[in-house]
Amino acid sequence: MLPQHLDVVPQPMGEYEPVDRWQAHVNALFHALRGHQAQEYFQTFASSDYRLAHALAVDYFEHVRARAKKEGDDHNQKHALVVHEWGCGHGNLAACFLGHLQDLDKAGDIYPRLTYVLVDMREEALSAALAHPDLAPHHARVQTLCGSVANLATVPSGSVDRIICNELWTELPTKLVAKNKGDIEEEQVRPNLSEARHARVEDWSGFLRAFVQQDVAKLGPDSDFFDELIWEREYQKVDWKAVPYRKTIMEFLKVFEDEVLIPVNLGAFDTVKEALRIMAPDAIGYSSFDAGAATYEALSSPEKPCSGQIGGLYSVMVNFLLIEAVAKHLGAKDLRIESQREFIGRNLRVNVMILTDILASHPELGRLSKWQQDRLVVQTLQVLNQHYRSPYHRTMQFPLSPDMPESERLALQDLLANLSQHGVPNTAAYLTEDEVMAALPGLENLGYDRDAVLMALDAPPAGIDYVHWHCRSA
């Protein structure tokens, strides 16, 4: 992948390759160099918030009880309860899930028989998750497994009851393809380093070699290069020899116009195949939560945000409908697609919305500078915390914009330091309708429009949204 003619064009960092190959390369480097800093760049719904975990606990508890009632108590007592979490993050989802499941299980029929397996490719990620303080009371129920979720060879077939996969599919290898006059082409990309960052590299050949060979030790001091990557794009015919499920993909593409990019989530396909292998015949199922398109209308839009890079992590949107088609081809049953918000609201029996939806409804947001937006976020948190109380102790991590005036910075740092540690844990948090309604007067004082907030509260799922995808093996 080393670029040619370095003496002529030194900034390119490789040759054009399909998106999925460079995505896998760059994301492996990101996790090795910046994985411990992930929350500084983006926050997931499982990193600090608890409502997704609680909804999953309720869902699991109720399904296990229903299965026991159907199959008999004797079967229930003998049934192995193995739950996998693929891509375990910081351990927060596991801690909140196990804690809530234990609270729900008053009779002690489920929690004592559970084995919760944290699965990740990196040992350091597993160690960090296991060290989560709220997971300590549950260590007897927790195991770790280091490996690729596409090939868990040490896990026996038919041995797992539940698989949870949260915000992982977007970062797994994905092709972007489009029809073009009878051919199927795919997007190919080439990484470049910005001119300014390139000028600061003392040994370009050594740096480039370390990047291509994924030499983490040599790249460590230069890890800020992620922030200066510029991607060039071109389009070439797909090499179908390297693509599985060709017939299913070709059939899926028939309904789309030429030159409309469609994600083909190869990494997600692999996880579905492996999930179907390891799930028991009567397993509760495999659930993936991620961002993407769940309607043909959304996929058909040429303006949809197919890919992006945050902090160095290369993400590609999820095509839930094509994954569903591949899952059917693999024999999956009980396929369901719904908004993540619907899944949480149904299981917790409340109407919920995301904090970012409240922030997006502010009429002046688009006219505010970055530091003014930061101020609005912190002030909004202060208002919401008067009506929100988490059962968990969390410290809000919110880096302030570097261009913020010093007087504003000092004031907001003081405000952040005094936010309740049982308050809204991060900007990717779910709020109930009651909490939002109680906070409305304070939000209006910050310039929010009541009708806009209420509209966001009742808004239907967007074309590109956070989605819950589910299947079973039988």
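Visitor: In strand 7, which residue is the bridge partner of Asn180?

Guide: The model is a predicted one. In it, strand 6 (residues 175-180) and strand 7 (residues 183-193) pair in the antiparallel sense over four bridges. Asn180 belongs to one of these bridges, and its partner in strand 7 is Asp183.

Visitor: What value does phi take at Lys181, in the hairpin of strand 6 and strand 7?

Guide: This hairpin has two residues between the strands. Lys181 has its place in the loop there, between strand 6 and strand 7. Although Lys181 is not a glycine, its phi is positive, with a value near 55°.

Visitor: Is Lys181 buried or exposed?

Guide: A residue is called exposed when its relative accessible area is over 50%. Lys181 has a relative accessibility of 76%, and therefore it counts as exposed.

Visitor: Which residue of strand 9 is the bridge partner of Leu176?

Guide: Strand 6 also pairs with strand 9 (residues 262-264); the two run antiparallel and are joined by three bridges. Strand 6 is mostly covered, with five of its six residues buried. For Leu176, the bridge partner in strand 9 is Pro263.

Visitor: Is Gln214 buried, partly exposed or exposed?

Guide: Gln214 lies in the loop between helix 8 (204-212) and helix 9 (216-219). Its phi is positive, near 55°, in a residue other than glycine. Gln214 has 33% relative accessibility, so it counts as partly exposed.

Visitor: How far from Arg113 is the nearest side chain of opposite charge?

Guide: Arg113 lies in the loop between helix 5 (92-104) and strand 3 (114-120). Arg113 is buried yet has no salt bridge. A salt bridge would require a side-chain nitrogen of Arg within 4 Å of a carboxyl oxygen. The nearest side chain of opposite charge, that of Asp109, is away by 6.6 Å.

Visitor: Why is helix 13 (residues 320-329) described as largely enclosed?

Guide: The buried residues of helix 13 include Phe320, Leu322, Glu324 and Ala327. Helix 13 is largely enclosed by the rest of the structure because, of its ten residues, the number buried is seven.

Visitor: Which residue with a positive phi follows helix 13?

Guide: The phi of this residue is near 95°. The residue is Gly331.

Conventions:
Residues are numbered from 1 along each chain as its sequence is written. This is a predicted model: local features need pLDDT of at least 70, side-chain atom pairs count only at pLDDT 80 or more; totals for chains, interfaces and linings use all residues. Side-chain values use heavy atoms; hydrogens and water are left out. Buried means under 20% relative accessible area, exposed over 50%, partly exposed in between (1.4 Å probe, protein chains only). Lys and Arg count as positive and Asp and Glu as negative; His and the chain ends are not counted. Two strands pair if DSSP finds at least two bridges between them.
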